[in-house]
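This report describes the structure shown below, taking its folds, its interface and its charged pairs in turn.

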Amino acid sequence: MRTPITGDIMSLLAKCTGVVLCLVLAVAARSQEGFPLDGTWRGEWGADGNTSAVVIVMKWDGKNVNGMINPGPNVVRFSGPVLEPSNWTVRIEAQSRDGQPIVIDAKLDDIGSYNRTLTGSWKQAGVDHPFKMARE
Amino acid sequence: MRHSRMATLLLAAALAGCDGASDSAASVTPPEASKPAPRYPDGQIRFDAEPGGRGYWGRASVSSLFEKGAQVAMDENGLLASIGDAPRVAPFQPWALALYEYRQRNGLKDDPARACIAPAGPRHLHTAGGFRIIRDPTYDRMYVLFGGGNRNWRVVFMDGREPPNPEEVSGTYFGHQAGHWEGDTLVVESSGYNARFWFSNGGLPHTEALRLTERFSRPDFDTLKYEVTVDDSLTYTRPWTAEWTVEWVDGGEIAERFCEDHKSVGE
């Protein structure tokens, strides 16, 4: 049975939880991790109204970035230098499951943030599409 | 003997005059020799105060981390006087140099310590606020308690345990730390770090591959000698070493100070 007192306690607990979550997220948003591309990235490519969701996972091994586009049964893997640190540009070259070349050219922004971003183009079947994603 | 001491003092006075130093009496008084480092009853070097005494390790001879022998000017926050000196700070991989320069250029505003993330790794040993190194024979551990940053501690296992398999654990701010003695030097090897902190105030990057080898010694009562070798092949082209000394503050206590977002609150 929900009495006025338990209702107040529940409300207070919910507010406290919200405050703690905000603090945790605020700290995480300022944190950074090692190699700027390491981690899981989520975003989309394609024009308005015809976009495809995409997840990219990348890991630096000291010489190359080893990555996966859409991990799962239809994963597309890639490996290469990928990052040009002099201007923070990224170039990913891969091949889709049906053999089409994929070239992603993007700029890395907001490097100081945990949720840094990649914005640029996704070229597939000879057509350029807008591309953007953020690090999770 | 007395004549010899007088001659030494006169010679010191003459030399002080030659380099244009102050002619005050203080400049010719030989420095008081420091006492030998204290030891535990079993003969091991004691890095803390003797029983009944007080004290802590205070001011470090450096304010930031850079490779031994490098000549680079920095302020107390690790901000370079000239960004052109960045490649001399450490043997960076190209991405790491670019990231270090990025952090320097934006005035270190992304420093996780500003959000009270621990000054982990060697950073807490040159961060203002002081630290103590305490032996715990009951659990065969050493504790490093530090007053700077978020006022935290690290645990060094001295019981010979093996580090965990890095594939089976998540990296942490203080990693896994195992220590042993080489004569009077405490050697601490550590790994298993996460990359969510800066291990120097100047913004030196690292990855989870970071391994540190630290060497602590106390050549005399007032001096801690510290050396750290940074090994992170994903970030640096080779392992590299930094070193500094820290002064003992005899009779003092670490001040009560707590970290709040973007500021430190003290007494």
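## Architecture of chain B

Chain B contains three helices and eleven strands. The model is a predicted one. Along the sequence, the elements of chain B are arranged as α-β-α-α-β-β-β-β-β-β-β-β-β-β.

Of the 267 residues in chain B, 45% are buried. When contacts in chain B between residues at least 6 apart in sequence are considered, 55% of them join residues at least 24 apart.

## Confidence in chain A

Chain A has a mean pLDDT of 83, and 76% of its residues reach 70 or more. Over residues 16-31 of chain A, pLDDT stays under 50. For that segment the model has 16 contacts beyond four places in sequence.

## The interface between the chains

The contact between the two chains draws 20 residues from chain B and 18 residues from chain A. In chain B, the residues that lose the most area to chain A are B:Trp95, B:Arg196 and B:Leu234, which together account for 33% of what that side buries. The size of an interface is often expressed as the accessible area lost when the parts come together. Between chain B and chain A the buried area is about 1,700 Å², with carbon and sulfur atoms giving 56% of this.

As to specific interactions, three residue pairs are in polar contact between chain B and chain A, both residues being at pLDDT 80 or more. The side of chain B that touches chain A comprises ten nonpolar, five polar and five charged residues. Across the interface of chain B and chain A, zero salt bridges are found.

## Salt bridges

Over all chains, the whole structure holds 17 salt bridges. In chain A, A:Lys59 pairs with A:Asp38, and their closest N and O atoms are 3.6 Å apart. This pair links distant parts of the chain, 21 residues apart: A:Lys59 belongs to strand S2 (residues 50-60) of chain A, while A:Asp38 is in the loop between helix H1 (4-30) and strand S1 (39-47). A:Lys59 is partly exposed, because its relative accessible area is 44%. A:Asp38, in turn, counts as buried because its relative accessibility is 11%. Chain A also has a network of salt bridges that links A:Arg91, A:Glu93 and A:Asp105.

In chain B, B:Arg123 forms a salt bridge with B:Asp111, with 2.7 Å between the closest N and O atoms. Both residues lie in the loop between helix H3 (94-105) and strand S2 (131-136) of chain B, so the pair ties together parts that are twelve residues apart in sequence. B:Arg123 and B:Asp111 are both buried. Another salt bridge joins B:Asp159 to B:Arg161, whose closest N and O atoms are 2.9 Å apart. Here B:Asp159 is partly exposed, with a relative accessible area of 37%, and B:Arg161 likewise counts as partly exposed, at 36% relative accessibility.

## The surroundings of A:Gln124

A:Gln124 is located in strand S8 (residues 117-124) of chain A. Its relative accessibility is 15%, so A:Gln124 counts as buried. With neighbours within four places in sequence left aside, A:Gln124 is in contact with A:Trp45, A:Ser96, A:Gln100, A:Pro101, A:Ile102 and A:His129.

How values were computed
Residues numbered from 1 in each chain as written. Chains lettered and ligands numbered in written order. Predicted model: local features only at pLDDT ≥ 70, side-chain atom pairs only at ≥ 80, totals over all residues. Heavy atoms only, no water. Contact = heavy atoms within 4.5 Å. Buried area = accessible area lost by both parts, 1.4 Å probe. Salt bridge = Lys/Arg side-chain N within 4 Å of Asp/Glu carboxyl O. Polar contact = N/O pair within 3.5 Å; in protein donor to acceptor, adjacent residues only side chain to side chain. Nonpolar A, V, L, I, M, F, W, Y, C, P; charged D, E, K, R; others polar. pLDDT = per-residue confidence, 0-100. Helix = DSSP H or I, 4+ residues; strand = E, 2+ residues; numbered from the N terminus. Buried < 20%, exposed > 50% of the residue type's maximum accessible area, 1.4 Å probe, protein only.
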